Amino acid sequence: MSVDLRTTVGAFALVFLAIVGVAAVGGVVLDDAPPETEPVADDHWQLDAVEPETVSEGGEVEMESSEPSNTVVIHLGGGSAGLGGGTSILPIEDGDAPATADIGSLGGVRRGVAPLTAALVENGHEVRFYAGIASPEPLPSMLSDADAFVTTNPGALSATDADAVESFVDAGGRTLVTSDPGGAGALTEFGSPFGVYGEAGYVYDMENNDANYLSVLVEPTGPGALTEGVERVVLRGAAPVGVADGPATLATAETSRLSTTREAGSYGVAVRSDSLAVVGDSSFLEPENAGRADNGVLIGNVADFLVTGEEPNVSFGPTGPGGAVPPGGATPPPEPPEPSGNATA
């Protein structure tokens, strides 16, 4: 290799190493400095805008009536929420033997109606519970001495019990029925003599709700004893109900939809037919929901409704091992015919 070639290669190598060294040093210097970035626009990230709206807490359950002591029979069936283990603190008269109403925070089937039960008892009324075949006394016998009746699961009533309740309502006995989604058939069968019916499916609302599209907000359709002082009620799983000869008592907003059709519109969720009141949800009676919106006012109105009617005049006759005897008593067996004069001994 010539001298000039060696000189050229050496000069190239020195220049290359110098460039690499400068780049390395520059990279170290650049790494020490914070990077320059464009500010991120975060105006859209507002937590207040994405938090679900909730309703305010309402007042306590209060009754306005000053009626003397009434007897209210409550049937819970098998559809009431809650697990066993409630705390018994309310004395309830049950026939000749004292019983108790579970209203503890740990549960119990009676917990689902604790606010209503407490309001009635605190105002001097007697509450008796009926648990179907497990009860020591048949329902017709209990209704013969009752002023009002409540069921949170009409589908759990036997045919005999349903007939007894129908006679009780016909006689003017104040009755509250709550029917959750899935019970439209049972409600219609029970309420058809009074023009009351249920619809399949449930109502939901993406706009007017209490933090959940299933917790719909409903409003009164007009003045009435059940809705006095009520502006909004929260129903957590509402079934549409209707009555043949009148408007609904409570209805959803026009933004609600029915699960079976997805059609938007206002749906009735509570109705009244004389001495029978029906609500397409039982959750509003539960302790955790009684304080939402005006649920407590509605429960107080329901309690007043149950104890302000006329005393029902109904008798179911004696009961026996086979159940209750229909109203009017059993049909007596025909008497044997008189022997004719031509009969032989």
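What pLDDT does the chain average, and what percentage of the residues score at least 70? After that, please take me through strand S15 and what surrounds it.

Author: The chain averages a pLDDT of 79, and 67% of the residues score at least 70, where pLDDT is the predictor's confidence in each residue, from 0 to 100. This is a predicted model, in which local features need pLDDT of at least 70 and side-chain atom pairs count only at pLDDT 80 or more, while totals for chains, interfaces and linings use all residues. Residues are numbered from 1 along each chain as its sequence is written, and side-chain values use heavy atoms, with hydrogens and water left out.

Where pLDDT is low, the predicted coordinates should not be read in detail.

Strand S15 covers residues 276-279; helices (H or I, at least four residues) and strands (E, at least two) are DSSP runs, numbered from the N terminus. In a regular strand the side chains alternate between the two faces of the sheet. In S15, Leu276 and Val278 point one way, Ala277 and Val279 point the other way, and all are buried, where buried means under 20% relative accessible area, exposed over 50% and partly exposed in between, with a 1.4 Å probe and protein chains only.

Two strands pair if DSSP finds at least two bridges between them. Strand S6 (residues 174-178) runs parallel to S15 and is joined to it by four bridges, with Thr175 standing opposite Leu276. Strand S14 (residues 268-273) is likewise joined to S15 by four bridges, but runs antiparallel, and here the bridge partner of Leu276 is Ser273. S14 and S15 form a hairpin with two residues between them, and Asp274 in the turn has a positive phi of about 55°.

S15 and S6 are also among the elements that cover the buried residues of helix H6, as are helix H5 (159-170), strand S7 (196-198) and strand S11 (241-243). The buried residues of H6 (residues 184-191) are Ala184, Leu187, Phe190 and Gly191. Seen down the axis of H6, these buried residues fall within an arc of 135°, so they line one face of the helix; the arc is that of the directions from the helix axis to the C-beta atoms. The face turned away from this buried side carries the exposed residues Gly185 and Glu189.

The model's nonpolar cores complete the picture, a core being a set of buried Ala, Val, Leu, Ile, Met, Phe, Trp, Tyr and Cys residues joined through side-chain atoms within 4.5 Å. The largest has 36 residues, of which Val72, Ile74, Leu116, Leu120, Leu235 and Leu306 touch the most other members. Helix H8 (residues 295-307) gives the largest share of this core, seven residues. A second, separate core of 25 residues includes Val278 and Phe190, along with Phe149 and Val314.

Note on methods:
Contact = heavy atoms within 4.5 Å.
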